[in-house]
Amino acid sequence: MLTSAHFCLLLFLATRIIYGQASCSCKQPDSDHFADGVNLIYYNCTSVTLTTITYPITAPQDILNVLDPNKRTIFYIFGFLQTPTTNYIVNITTALCYEDTDNVVLLDWSKYSMDIFYGLTFETAEGVGSLFAQSLQLLKDNNFNTSTIYIIGHSLGAHIAGLAGKCTNFTIPRITGLDPANRLWYPTGCYLAPTDASWVDVIHTDMGVWGTPASMGTAEYYANTGHRLQPNCPTFSLLPEGIAEVVLCPHELSNVIYAESKYYPDKYVAVSCHSADSFLSGGCKNNTKTGVGYAASNVTGTYYFNTTYSQF
């Protein structure tokens, strides 16, 4: 009998094998119109009600007129079936704008992200990743300080971020993957890797289902061991909207955690630990601790944290 534990193990082993076969290409999309409708959206964080300015991804130079050169620039990339108006995206862009600490820019690829056929969406996402890399290169060529770049990607957006890191001729300082999409759903794709930036931190909340069961960063953060049964999420509903919440909540929880880490930097504390069992038994409580998400420090290794209470 195949138990859930066996299924997760098979997923893990399969993706380990598949990942070694994947190849990445920085080739630009062949179509002359591929980039039409793919944009960078700048958020004016100083206004009481957030306002935005949209720039075509192939001609981003004018965005330099509004970016504060003394601030870090955060590029956020959403995932499959999401758009700039999706609640989770509205919530996290609002959080990123909190206290106006950073420049905030959204990569809007909703022209392709809403395609219900995931395989086609993944293929076009790789093209978007190449375009984004080219766009960052154009900003660099126009004297943008690339040491201020910080890319955050959720789900499939994490892999777009990784491709951008692979395809620029400079090193991205930091990429954060929020529950990167499970590569088993599209085995031949190009995925986020630890070498895509100087520091790649990954928050896992739905391992083996919508999120990857494998390590993809230089630092891995596991919320409540990182698996689907999250104490913050419902597990059953008979209502259509409730069913959607059951299905998506664990995967989207990574977005929620990151947003909360911006508002409340001390809310989540992760501890260095070699296994979930050791974490749950309290065997790692005296190990190195670090913040999570926006509050994370440049560490390496494996970290666990709770979202409902702190045991430290």
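Which residues form a nonpolar patch on the surface? They are Leu-81, Met-114, Ile-116, Phe-117 and Leu-120, with about 520 Å² of accessible area together. Patches here are made of residues with over 30% relative accessible area and no salt bridge, with nonpolar side chains (Val, Leu, Ile, Met, Phe, Trp, Tyr) joined within 5 Å and like charges within 9 Å. A salt bridge would be a side-chain nitrogen of Lys or Arg within 4 Å of a carboxyl oxygen of Asp or Glu, and accessible areas come from the Shrake-Rupley method with a 1.4 Å probe, counting only the protein chains shown as cover for residues.

Keep in mind that this is a predicted model, where local features need pLDDT of at least 70, side-chain atom pairs count only at pLDDT 80 or more, and totals for chains, interfaces and linings use all residues. Residues are numbered from 1 along each chain as its sequence is written, and side-chain values use heavy atoms, with hydrogens and water left out.

**Around the patch**

Phe-117 sits in the loop between H3 and H4 (helices are DSSP runs of H or I, at least four residues, and strands runs of E, at least two, numbered from the N terminus). With a relative accessible area of 52%, Phe-117 is exposed; that label means over 50%, buried means under 20%, and partly exposed is in between (1.4 Å probe, protein chains only). Ser-113, in helix H3 (residues 110–113), is buried at 0%. Beyond its neighbours within four places in sequence, Ser-113 is in contact (heavy atoms within 4.5 Å) with Phe-78, Gly-79, Phe-80, Leu-81, Gln-82 and Thr-121.

Just after H4, Asn-143 has a positive phi of about 75 degrees.

**Disulfides**

The whole structure holds five disulfides, meaning pairs of cysteine sulfur atoms within 2.5 Å.

Cys-24 is partly exposed at 41%, whereas Cys-190 is buried at 3%. Likewise, Cys-26 is partly exposed at 39% and Cys-167 is buried at 18%. Both Cys-273 and Cys-284 are buried. In sequence order, the bonded cysteines pair as 1-6, 2-5, 3-4, 7-8, 9-10.
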